[in-house]
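Student: Please give me a close look at one part of this model: the place where its chains meet. Then go on from there in one connected answer.

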Amino acid sequence: MKKGYFYTLGFFLLVSVLIGLAFLISKNSLESKELFSEISVIHGANEIVDSVGEGFGRIIELKAGINIGVSGADVFISEDLPNDNDGDFVVAINDYENFFKSGGKGEDLGVTLDVSTITSTLPFKIIPHNILYTHSNNFGGNVISIDASTDSNDPKFGGYAITVTTTSIIGSCSTSGSTSVVYLKLEGSGSSGSSCSVGSGSNQITIKDNAGNTLAQFIVSNGDLTITAQNKITVRVLFENMDDLAANGKTEVVFDGNVITLDIPDFNIKQETTANIL
Amino acid sequence: MEEKKLFWSLYYGSRKGVIFTLDIVIAMMILIMGLAVSGGLVLKSLDNDLDFLQASLIGSDIAFVLEEKKVFDGLDKGFINNNINSLLLDGFEMDYRVECDTIVMQDTNLPNRFVVTGERVIVTNDLDYCIFRYWVWPK
């Protein structure tokens, strides 16, 4: 009698343990499923934001006439100054913004773009050093301003190596001042084989044509660079020997400020971010 | 009374044996039911979550590579299909739909079961702004 009773009790306990373990596995699985769903939603949201940023990069590549690149520890940005692409570029950016608005194919993505600064000064920020490259007289104007925010005790890069190409005949490259926080170098090439070259050692360079007219002026002050073109030039600004870039490989060029808002209320996702264009 | 007791003892041998057998039958029933419930729960838990997580990553990776390779320039369905087939892992299937302002193209033959989905904004070289929607699932 007692033997049977213990057998029953033993089986009952064994089965209770089995069911308990199965419930634990099932509960764990349900939690995994919820986690998987959350990861999928977040991953999907990031995919949308990243692709919108890539879209901006494509429009810049196709319509802004600006070339941005990274080579080792150097970052370069080149464009014409003044940049004649401003009209087409602004139209393309506005079309892109409308794509996400009501009536556009992308309206159900929950994306809103703020393109006001992009269509005006088109500011780029070089990460990780937060160097700001902007068109201070609006994109299409004749001035580029670079706010490098350098610390004299710890400059973020070696200096600026400028390459200028012009259809004018270069008469001279005159210099003044002396190197401050970062250096300024320039190579110029014009028509009829004309050229000039300035090594580091000054903080101000003026290029003139063979008639003595100023083509462009380059001034470095406290590490910041201002480029003013009086005539059309193609200018390539190379930020040389940037700290950490070659080592950690995390160089990014983004728009300054948040330009993308993603709002998906069903999943309680609201994200404001800039666009990574490189 | 004594006769009845004797009858039981003669017919079944011993009442101890009857109760012992019933105990085992009940215990076995409980055990089998328990195993069935546990097995069901465990099998349900193993419902290939990892396959779908992998499908999700495969889909987004393929969409990213297609965009980086500028496969959408020209919006050529055959070219897009070839590139997807060359990137898609064995054991998975992928369908897609490209929605632009003027063009909508698709290659969809979705199964009647759970699939992973994702979407990506694409800009073509002709400045067509489009959405690439995709679905991936394990075969």
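Tutor: Start with one pair: the side chains of A:D108 and B:R133 meet in a salt bridge at 3.0 Å, N to O. The term means a side-chain nitrogen of Lys or Arg within 4 Å of a carboxyl oxygen of Asp or Glu. Side chains of opposite charge can pair when their charged atoms come close. The rule finds three salt bridges across the interface of chain B and chain A.

Some ground rules. The model is predicted: local features need pLDDT of at least 70, side-chain atom pairs count only at pLDDT 80 or more, and totals for chains, interfaces and linings use all residues. Residues are numbered from 1 along each chain as its sequence is written, chains are lettered from A and ligands numbered from 1 in the order in which they are written, and side-chain values use heavy atoms, with hydrogens and water left out.

Six residue pairs, both members at pLDDT 80 or more, are in polar contact across the interface of chain B and chain A. A polar contact is a pair of N or O atoms within 3.5 Å; within protein, one must be able to donate a hydrogen and the other to accept it, and residues adjacent in sequence count only if both atoms are side-chain atoms.

Which elements of chain B touch chain A? Helix 2 (15–45), helix 3 (49–68), strand 1 (92–100), strand 3 (116–123) and strand 4 (129–138) of chain B each supply at least two residues of that side. Helix 2 of chain B gives the largest share, 15 residues. By type, the residues of this side divide into 23 nonpolar, eight polar and 14 charged. Here Ala, Val, Leu, Ile, Met, Phe, Trp, Tyr, Cys and Pro count as nonpolar, Asp, Glu, Lys and Arg as charged, and the others, Gly among them, as polar. Helices (H or I, at least four residues) and strands (E, at least two) are DSSP runs, numbered from the N terminus.

Now the extent. The contact (heavy atoms within 4.5 Å) takes 45 residues from chain B and 41 residues from chain A. The two chains bury about 3600 Å² between them, 69% of it on carbon and sulfur atoms. B:L41, B:V121 and B:Y129 supply 16% of the area that chain B buries against chain A, more than any other three residues. Buried area is the accessible area (1.4 Å probe) that two parts lose on being put together, summed over both.

Next, the wider search. Over all chains, the whole structure has 14 salt bridges. One joins the side chains of A:D84 and A:K232, at 3.0 Å, N to O. A:D84 lies in the loop between strand 2 (74–81) and helix 2 (86–99) of chain A, and A:K232 in the loop between strand 13 and strand 14 (233–240) of chain A, so the pair ties together parts that are 148 residues apart in sequence. A:P82 is also in the loop between strand 2 and helix 2 of chain A. The peptide bond from A:L81 to A:P82 is cis, with omega near -10°.

Eight strands form an open antiparallel sheet in chain A, in the order 8-11-12-13-6-5-4-15. Strand 8 and strand 15 (252–255) of chain A stand at the edges with a single partner strand each, so one side of each is left without a neighbour in the sheet. Neighbouring strands are turned by 15° against each other on average, direction ignored. Axes are lines fitted to C-alpha atoms, for helices over the stretch in contact, and angles run from 0 to 180 degrees between N-to-C directions. Two strands pair if DSSP finds at least two bridges between them.

Strand 11 (204–209) and strand 12 (214–221) of chain A pair antiparallel over five bridges. A:T206 has A:Q217 in strand 12 of chain A as its bridge partner. Six bridges join strand 12 of chain A to strand 13 (224–229) of chain A, again antiparallel. There A:Q217 stands opposite A:T228.

The hairpin of strand 11 and strand 12 of chain A has four residues between the strands, and A:G212 takes a positive phi near 90°. The hairpin of strand 12 and strand 13 of chain A has two, and A:N222 takes a positive phi near 50°.
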